[in-house]
Amino acid sequence: MEHWTESKCRSPEVYTAGRVRAQWQRLHSGDLEPLPSHEALLDGWVSYHNGDFEAAARKGLSLGLKGMTLANQASCIYATYVEPSEKRRLDMLIEVAERALLQQRDEPGNPNAWYWHAYALGRFSQGVSVAKGLAQGLGERIVRSLRETIRLSPRHPNAHLALARFHAEVIDKVGSLVGGMTYGANQVEGMALYRKALDLCPSLITLHECAAGWLMVEGENGLTQAESLRQRAESYEPADAMEALYVESIRADLAG
């Protein structure tokens, strides 16, 4: 691994192994990753929640299959919110997708092996443009992995949210008619998935993502609901470095 750029956005509080263990359900309410019993793996998650994504990824990779979800999650978040080079960012996301495929082969019943595969391909698609990603057949692969995540873990909030975003982004980029006929995007299913994600986990990230989804799918008709969701999100404080990075990204997008 090449040296990663250090994130300037840190966790609002310093996490220890004990605090991560105590806050695990809150920290992983979106991905439902089980609390690790392996101390070295827990130590990797401590690095992750404190915002040291490079250390987290290295620790995860050193543990082999046991640490693969940690390595993939840390790499995805770093690539999405921190890495300054677009080429390197895209390369990292493809690496995660490839590792996740191997993890699926060895752990087919692990929901997050499928989720992080879809997440990496989704972010890669956004990087090259959604339309280009669809043309490359990424949409079908993303949907397949997200549906498998939900089949294995029916109450996985982030998988519902990501699948909802797929519907919303396709409709936003190519329209409901072409999106439906060519890529299977459906406004009704997308909105149902957003509502399900909100029901499962009304977190800071879910609220912001649903607000964006309402605007993509419903345009001006969704403005009131989107604003209401964003106001609710403002009452939440970031729990760790990842959420702090997410909030910083949202504020930059709104300012721009």
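Trainee: Which residue caps the N-terminal end of α12?

Mentor: This is a predicted model, so read each distance as computed from that model. To find a cap, look for a side-chain atom that reaches a backbone atom at the helix end. Here N186 is the cap of α12, with a side-chain oxygen 2.9 Å from the backbone nitrogen of V188.

Trainee: Which residues of α12 are buried, and against what do they pack?

Mentor: Buried means under 20% relative accessible area. In α12 that applies to G190, M191, L193, Y194, A197, L198 and L200. These buried residues pack against three helices: α10 (157–174), α13 (204–218) and α14 (223–233).

Trainee: How many helices and strands does the chain have?

Mentor: Its secondary structure consists of 15 helices and zero strands. The radius of gyration is 17 Å, close to the 18 Å given by the globule rule for 256 residues, so the chain is as compact as a globular protein of that length. Along the principal axes, the C-alpha atoms fill a box of roughly 50 × 40 × 35 Å.

Trainee: What share of contacts join residues at least 24 apart?

Mentor: Count contacts between residues at least 6 apart in sequence; 63% of these join residues at least 24 apart.

Terms used
Residues numbered from 1 in each chain as written. Predicted model: local features only at pLDDT ≥ 70, side-chain atom pairs only at ≥ 80, totals over all residues. Heavy atoms only, no water. Buried < 20%, exposed > 50% of the residue type's maximum accessible area, 1.4 Å probe, protein only. Helix = DSSP H or I, 4+ residues; strand = E, 2+ residues; numbered from the N terminus. Contact = heavy atoms within 4.5 Å. Polar contact = N/O pair within 3.5 Å; in protein donor to acceptor, adjacent residues only side chain to side chain. Rg over C-alpha atoms; globule rule 2.2 N^0.38 Å.
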